[in-house]
Amino acid sequence: MIEFRIDRHSGVSTYMQIVKQVKQALRLGLLAPGDRLPAAREVVEATAVNPNTVLKAYRELEREGLVEGRRGLGTYVTKSLSSEATAGDDAPLRKELARWMGRAREGGLDVEDVDALYSAVRDEHYPVEERP
């Protein structure tokens, strides 16, 4: 089951944070087709967001074909975004990145340093003009 974390200071709308967290869980293989998302009521209780915000996020995910609402039953994942390279704790790229993160931390980098370095290297390999 996914646990949503809402950052009220991020500048990203709450519903988009929920959408992004579901997509991330799909990419990492934490959610798979057939899995049920938490009921809107459960998300509201855990995060103190407006129920309409949760429903808006779920509608967006449904519009994108990632989930399906089933009346009286809940919202279920219909599509996976994971690949062998990213899914699971034993995925090769994940293991390599975890080792790199360990070296970065041992080298004294803080999270802002890591974010800046990651963004710079990502932008070299995935230029902004090539992204959707």
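Analyst: Let's start with E64, which counts as partly exposed because its relative accessibility is 28%. For the burial labels, under 20% relative accessible area is buried, over 50% is exposed, and partly exposed is what falls in between, with a 1.4 Å probe and only protein chains counted. Keep in mind that this is a predicted model: local features need pLDDT of at least 70, side-chain atom pairs count only at pLDDT 80 or more, and totals for chains, interfaces and linings use all residues. Numbering runs from 1 along each chain as its sequence is written, and side-chain values use heavy atoms, with hydrogens and water left out.

So what does E64 do? Its side chain meets that of K23 in a salt bridge, at 2.7 Å from N to O. The pair ties together distant parts of the chain: E64 belongs to the loop between helix 3 (51–63) and strand 1, while K23 belongs to helix 1 (residues 14–27), 41 residues apart. The cut-off for a salt bridge is a side-chain nitrogen of Lys or Arg within 4 Å of a carboxyl oxygen of Asp or Glu. As background, side chains of opposite charge can pair when their charged atoms come close. The helices (H or I, at least four residues) and strands (E, at least two) are DSSP runs, numbered from the N terminus.

By that salt-bridge rule the total is five. Another of them joins R70 and E68, whose closest N and O atoms are 2.9 Å apart. R70 is partly exposed because its relative accessibility comes to 34%, and E68 gets the same label at 35%. Further along there's the bridge between D123 and R122, at 3.2 Å from N to O. Those two are also partly exposed: D123 because it has a relative accessible area of 33%, R122 because it sits at 27%.

Strand 1 (residues 67–70) and strand 2 (residues 74–77) pair in the antiparallel sense over four bridges; pairing here requires at least two DSSP bridges between two strands. R70 stands opposite G74 in strand 2. The hairpin has three residues between its strands, and G72 takes a positive phi near 80 degrees there. In a regular strand, side chains alternate between the two faces of the sheet.

T75 and R59 are 16 residues apart along the chain, with their C-alpha atoms separated by 9.7 Å. R59 is in helix 3 and counts as exposed because its relative accessibility is 52%.

A48, in the loop between helix 2 (40–47) and helix 3, has a positive phi of about 60 degrees despite not being a glycine. Most residues other than glycine have a negative phi. A48 is exposed, since its relative accessible area is 61%.

For contrast, look at A91 in the loop between strand 2 and helix 4 (92–106).

Now for the surface around helix 5. D110, E112, D113 and D115 make up a negative patch. E112 itself belongs to helix 5 (residues 111–125) and is exposed because its relative accessibility is 52%. There's a nonpolar patch as well: L109, L117 and V121, with about 200 Å² of accessible area together. L109 sits in the loop between helix 4 and helix 5 and is partly exposed because its relative accessibility is 31%. Patch members need over 30% relative accessible area and no salt bridge; like charges are joined within 9 Å, and nonpolar side chains (Val, Leu, Ile, Met, Phe, Trp, Tyr) within 5 Å. Areas are Shrake-Rupley with a 1.4 Å probe, and for residues only the protein chains shown count as cover. Asp and Glu count as negative, Lys and Arg as positive, with His and the chain ends not counted; each charge is placed at NZ of Lys, CZ of Arg, CG of Asp or CD of Glu.

Zooming out, the protein has five helices and two strands, in the sequence pattern α-α-α-β-β-α-α. Its C-alpha trace spans about 50 × 35 × 30 Å along the principal axes, and 24% of the 132 residues are buried.
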